[in-house]
Amino acid sequence: IKKGFVSGQIMVVLVTSVMDFPKESQFVNAILERHPEITTVVQNVNNKRTSLVLGEESRVLFGNGYIEEELLGFTFRISPKAFYQINPTQTEVLYSKAIEFAGLTGNEKVLDAYCGTGTIGIIASKGAKSVIGVELNGDAVKDAAVNAELNDIKNITFYKDDAGKFMVKAAEKGEP
């Protein structure tokens with residue numbers, strides 16, 4: 001379950017081992033009857049025996065398949081497989097302090113490694129010349145690109161890549 005602290009939107013992600021879901025509409029109707037505040041229900045299929053909870057394939061059963069949340073005046077879309085900080089009050093304190101300590105003047109190129117849905121990079125973008133976000137989770141990168149668009153941020157680019165390898169390649173090229 002993911003809940004937007006400010007938006008109040010609630011996403012339920014049901015993880016199953018197979019895509020076949022007998023009586024799915026009855027399940028959705030029953031959960032919504034008991035909890036009408038739920039805004040979206042998603043089925044995720046994970047048929048592997050790993051420590052990962054979520055599998056590769058997801059299917060929207062109700063709603064639009066994501067929630068939106070606000071953080072420091074920005075709007076962020078969060079999909080089922082994308083990471084998002086669970087304590088928004090402390091996240092705002094932490095991000096504000098990080099931006100303050102960065103002392104951005106508008107001339108910097110910021111690297112948001114392991115950027116997730118792009119929250120730090122998008123927040124930093126208003127004080128930087130440009131921002132690069134790097135994240136291995138493809139769903140999070142898609143959310144990050146949508147989030148930049150939702151917030152009309154033009155000076156940010158997101159890459160789906162291993163952040164550690166990306167930084168090594170950038171250093172080898174002499175990127176600042």
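Which residues form a nonpolar patch on the surface? Leu111, Tyr114 and Met167 do. The views below start from the whole chain and return to this patch at the end.

The model is predicted, with local features requiring pLDDT of at least 70 and side-chain atom pairs counting only at pLDDT 80 or more, while totals for chains, interfaces and linings use all residues. Residues are numbered from 1 along each chain as its sequence is written, and side-chain values use heavy atoms, without hydrogens or water.

**View 1. The whole chain has five helices and nine strands.** Helices (H or I, at least four residues) and strands (E, at least two) are DSSP runs, numbered from the N terminus. From that end the elements run β-β-α-β-β-β-β-α-β-α-β-α-β-α. The C-alpha trace spans about 55 × 35 × 25 Å along its principal axes. Of the 176 residues, 38% count as buried. Buried means under 20% relative accessible area, exposed over 50%, and partly exposed in between (1.4 Å probe, protein chains only). The accessible surface comes to about 10,500 Å². Carbon and sulfur atoms own 55% of that surface. Areas come from the Shrake-Rupley method with a 1.4 Å probe; for residues, only the protein chains shown count as cover. Among contacts with a separation of 6 or more, 59% join residues 24 or more positions apart. A contact means heavy atoms within 4.5 Å.

**View 2. The largest nonpolar core has 21 residues.** Such a core is a set of buried Ala, Val, Leu, Ile, Met, Phe, Trp, Tyr and Cys residues joined through side-chain atoms within 4.5 Å. Phe76, Ile122, Ile156 and Phe158 have the most contacts inside this core. Strand E5 (67-71), E6, helix H3 (119-125), H4 and strand E9 (156-160) each supply at least two of its residues. Leaving aside neighbours within four places in sequence, Ile122 touches residues including Phe74, Phe76, Ala144, Ala148, Ile153, Ile156 and Phe158. Thr117, Asn147 and Asn151 are also among the contacts of Ile122.

**View 3. Helix H1 (residues 24-34) has buried residues on one side.** Val28, Ile31 and Leu32 are buried in H1. They cover an arc of only 100° around the axis, so they lie on the same side of H1. The arc is that of the directions from the helix axis to the C-beta atoms. The face turned away from the buried side carries the exposed residues Asn29, Glu33 and Arg34. Cover for the buried residues of H1 includes strand E2 (10-16), strand E3 (40-45) and strand E4 (57-62).

**View 4. Glu56, Lys81 and Asp139 are linked in a network of salt bridges.** Side chains of opposite charge can pair when their charged atoms come close. A salt bridge here is a side-chain nitrogen of Lys or Arg within 4 Å of a carboxyl oxygen of Asp or Glu. By this rule the count comes to eight. Glu56 and Lys81 meet at 3.7 Å, N to O. Glu56 lies in the loop between E3 and E4, and Lys81 in the loop between strand E6 (74-78) and H2, so the pair ties together parts 25 residues apart in sequence. Glu56 is exposed, at 69% relative accessibility. Lys81 is buried, at 18%. Lys81 also forms a salt bridge with Asp139, with the closest N and O atoms 3.2 Å apart. This pair links distant parts of the chain: Asp139 is in helix H4 (residues 138-150), 58 residues from Lys81. Asp139 is partly exposed, with a relative accessible area of 24%.

**View 5. Arg77 forms a salt bridge with Glu68.** The closest N and O atoms are 3.8 Å apart. Glu68 is partly exposed, at 21% relative accessible area.

**View 6. Thr91 is found in helix H2 (residues 88-102).** Thr91 counts as buried, at 6% relative accessibility. Not counting residues up to four places away in sequence, Thr91 touches Leu71 and Gln85.

**View 7. Leu111, Tyr114 and Met167 form the nonpolar surface patch.** Together they have about 300 Å² of accessible area. Patches are made of residues with over 30% relative accessible area and no salt bridge; like charges are joined within 9 Å, and nonpolar side chains (Val, Leu, Ile, Met, Phe, Trp, Tyr) within 5 Å. Met167 sits in helix H5 (residues 163-172). Met167 is partly exposed, with a relative accessible area of 33%.
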